[in-house]
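Notebook open, structure loaded. I'm jotting down what I look up as I go.

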Amino acid sequence: MFRRNNVTDRIFERQIRTPAPGTSIHCARRFYENLVPSCTIYDVECPDHSFRKFTDDGQYLISFSRNQQDLIVYRPTWLTFSCKDEDCDTHDLPLKSKRFESFFTQLYCVPLASSGEFICKDFFLYIESNQFGLFATSTTQIHDAPAAGGAIPGIPYIEKITFHLLRLEDGVKLDERVFRNDYVNVAHSMGVFLYDDLLAIVSLRYQTIHILQIRDSGNLVDVRAIGEFCREDDELFLNSNPLATWISIADEMLLLQAAVEILVAVNHVGNGLHHNQLILESPFLSGIKQRLLSFIFSGIWTEETDQTLV
């Protein structure tokens with residue numbers, strides 16, 4: 001269907017048509033093709049904050065204090081100055097256009113970090129359906145940490161990592177989740193992923209994926225952890241099935257050696273990690289390593305025409 005792109009037709013179409021479910025925001029964004037900024041203001045007096053980004057719906061501007069302790073949220077006031085004359089380029093903007101407060105209104109300032117923690121300013125996830133914001137705070141990173149409790153040697157650890165779930169409308173903290181003596185790569189959300197209401201957090205130190213659900217009430221609920229065991233009954237099966245004791249230790253050693261090389265390459269851990277250190281820990285592969293190696297092997301097996309080379 002042919003549609004005109006001028007602003008008059010788009011306004012008329014908005015009045016007589018109802019957009020398909022879930023597409024209203026996309027229909028509204030089409031007006032950006034007609035209504036564009038025509039002026040750029042330089043040297044605006046801005047507060048001494050570390051600005052992160054706008055939310056996906058453009059309702060909030062996320063920023064952090066310079067000491068990485070407080071969260072400051074602004075709301076844009078949008079169209080502030082306009083000109084009705086024909087030759088608007090010759091008019092000077094008022095003096096208040098040089099001030100940050102003319103374009104943004106501060107909603108609140110909330111302290112997030114505590115007990116030696118600092119806000120991870122490169123991390124922010126936005127749940128648009130509920131207007132929730134997920135932030136992270138952590139202590140300083142420690143290198144050359146001893147491996148204990150199933151941790152992988154050679155990977156640094158952070159004493160405390162806290163994920164905060166806030167309602168951006170009023171800045172109320174709804175829930176939080178703490179990881180201790182662990183390592184999660186939160187920079188640019190590389191180790192944390194959001195899909196709908198499911199949140200996946202990757203623990204590099206313990207080689208585990210923690211899956212949580214974000215409820216509409218603002219609670220973080222544990223769904224499952226994929227790591228040493230992938231399914232809920234894996235541990236029961238391995239402990240009760242006598243076939244589990246018939247596995248060749250030599251074959252497990254070779255598979256574990258390959259798993260170490262793959263994980264080191266994926267995680268970019270260049271701390272002089274010796275593979276023999278991992279092999280001596282346990283002769284068996286964890287569930288997630290077995291799945292990854294099986295996936296890689298099946299892919300190579302499918303692509304290779306000469307099966308004798310695999």
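Which residue in the hairpin of β2 and β3 takes a positive phi? I find Gln-68, with phi near 55°, in a hairpin that has 4 residues between the strands.

**Ground rules**

I'm working on a predicted model, where local features need pLDDT of at least 70 and side-chain atom pairs count only at pLDDT 80 or more, while totals for chains, interfaces and linings use all residues. Residues are numbered from 1 along each chain as its sequence is written, and side-chain values use heavy atoms, with hydrogens and water left out.

**Overview**

I count 6 helices and 14 strands in the protein chain. These are DSSP runs numbered from the N terminus, helices being H or I with at least four residues and strands E with at least two. Of the 310 residues, 33% come out as buried. For burial I use relative accessible area with a 1.4 Å probe on protein chains only: buried is under 20%, exposed is over 50%, and partly exposed is in between. I also looked at contacts, meaning heavy atoms within 4.5 Å. Among contacts with a separation of 6 or more, 54% come from residues 24 or more positions apart.

**Around β3**

Strand β2 (residues 61–65) runs antiparallel to β3, and 4 bridges join them. I call two strands paired if DSSP finds at least two bridges between them. Ile-62 stands opposite Val-73 in β3. On to the next partner: β3 pairs with strand β4 (residues 104–111), also in the antiparallel sense, over 7 bridges. There, Arg-75 has Thr-105 in β4 as its bridge partner. Why is β3 largely enclosed by the rest of the structure? Because 5 of the 7 residues of this strand (residues 70–76) are buried.

**The open sheet**

Next I traced an open sheet of 4 strands, in the order β11-β12-β13-β14, with antiparallel pairing. The edges are β11 (192–195) and β14 (220–226); each has a single partner strand, so one side of each is left without a neighbour in the sheet. Neighbouring strands here are turned by 20° against each other on average, direction ignored. The angle comes from axes, which are lines fitted to C-alpha atoms (for helices over the stretch in contact), and angles run from 0 to 180 degrees between N-to-C directions. Strand β13 (residues 208–214) pairs with β14 over 6 bridges, and the partner of Ile-211 in β14 is Arg-224.

**Cores**

I then asked which residues touch the most other members of the largest nonpolar core. They are Phe-123, Phe-163, Val-192 and Ile-201, out of 24 residues. The elements giving two or more residues to this core are β6 (125–127), β7 (132–138), β9 (157–167), β12 (198–203) and β13. β9 gives the most, with 4 residues. Apart from this core lies another, of 15 residues, among them Tyr-60, Ile-62, Phe-64 and Leu-168. A core here is a set of buried Ala, Val, Leu, Ile, Met, Phe, Trp, Tyr and Cys residues joined through side-chain atoms within 4.5 Å.

I checked Phe-163 separately. Leaving aside neighbours within four places in sequence, its contacts include Phe-123, Leu-134, Val-192 and Ile-201, as well as Asp-175, Glu-176 and Arg-177.

**Charges**

Lys-160 lies in strand β9. I flagged this lysine since it is buried yet has no salt bridge; the nearest side chain of opposite charge, Glu-117, is 4.1 Å away. My cut-off for a salt bridge is a side-chain nitrogen of Lys or Arg within 4 Å of a carboxyl oxygen of Asp or Glu. On charges, Lys and Arg count as positive and Asp and Glu as negative, with His and the chain ends not counted.

How many salt bridges does the rule give? I get 6. One of them joins Arg-66 and Asp-48 at 2.9 Å, N to O. Arg-66 sits in the loop between β2 and β3, and Asp-48 in the loop between α2 (24–29) and β1 (49–54), 18 residues apart. Arg-66 is exposed at 53% relative accessible area, and Asp-48 is exposed at 55%.

Asp-222 forms a salt bridge with Arg-177, their closest N and O atoms being 2.5 Å apart. This pair links strand β14 to strand β10 (residues 172–182), 45 residues apart. Asp-222 is exposed at 55%, whereas Arg-177 counts as buried at 19%.
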